[in-house]
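Me: I'd like to learn how to read aromatic pairs in a protein model. Could you walk me through it?

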Amino acid sequence: MESAEKRILECHIKDGSGGINMEGIVSILMQKDAFVSMLGASEKLIAESETALGLRFAKDYTDYIKAFGTASFCGHELTGVCNAHQLNVVEVTLLERQHNPNIAKDWYVVEQAHIDGIVIWQSTKGHIFKSIPNLKPVKVCNSLVEYVNM
């Protein structure tokens with residue numbers, strides 16, 4: 001745990017933006033069982049990902065990817081800004097938009113459940129939705145923090 005906290009603080013200092021919320025999503029994820037993360041994403045990579053998707057990420061998602069890039073915990077694999085194709089938010093979102101044409105264009109994939117085609121999305125306003133093929137998406141949480149605490 002100490003090494004993850006140190007890496008986050010180093011990322012925070014290196015970034016210099018003061019934009020990582022240590023009391024929010026970052027600290028909550030670090031406390032999860034079986035938590036594993038990659039290295040945080042740079043502002044440049046985050047901006048490129050947002051441009052590729054034609055949207056701006058919600059604040060809590062931005063805090064998460066600045067700190068970790070991508071992460072997993074307790075059987076959940078969250079998308080992020082990384083080189084792993086199956087976890088890259090741009091690649092996964094573009095693919096899932098093809099399979100889910102009724103999804104709003106200001107949503108991006110937070111997690112693919114790999115069960116019955118279930119996909120978890122976040123809107124640019126931060127709300128979390130669940131989609132199941134051939135059904136209308138349902139709002140399940142008000143934020144990523146709330147979702148990871150379910």
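Me: How many aromatic pairs does the structure hold?

Reply: The structure holds eight aromatic pairs. Rings of Phe, Tyr and Trp (its six-membered ring) pair if their centres lie within 6.5 Å; planes under 30 degrees apart count as stacked, over 60 as edge-to-face and the rest as tilted. This is a predicted model, where local features need pLDDT of at least 70, side-chain atom pairs count only at pLDDT 80 or more, and totals for chains, interfaces and linings use all residues. Residues are numbered from 1 along each chain as its sequence is written, and side-chain values use heavy atoms, leaving out hydrogens and water.

Me: How is a pair of aromatic rings described?

Reply: By the distance of the centres and the angle of the planes. Take W107 and F129: this pair is stacked, at 4.0 Å centre to centre with 15° between the planes.

Me: Which parts does the pair tie together?

Reply: W107 lies in strand β4 (residues 107–112) and F129 in strand β6 (residues 128–131), so the pair links parts that are 22 residues apart in sequence. Strands here are DSSP runs (E, at least two residues), numbered from the N terminus.

Me: Are W107 and F129 buried or exposed?

Reply: Buried means under 20% relative accessible area, exposed over 50%, partly exposed in between (1.4 Å probe, protein chains only). W107 has 10%, so W107 is buried; F129 is buried too, with 13%.

Me: Which residues form one aromatic cluster?

Reply: F35, F57, Y61, Y64, F68 and Y108 do.

Notes:
Helices (H or I, at least four residues) and strands (E, at least two) are DSSP runs, numbered from the N terminus.
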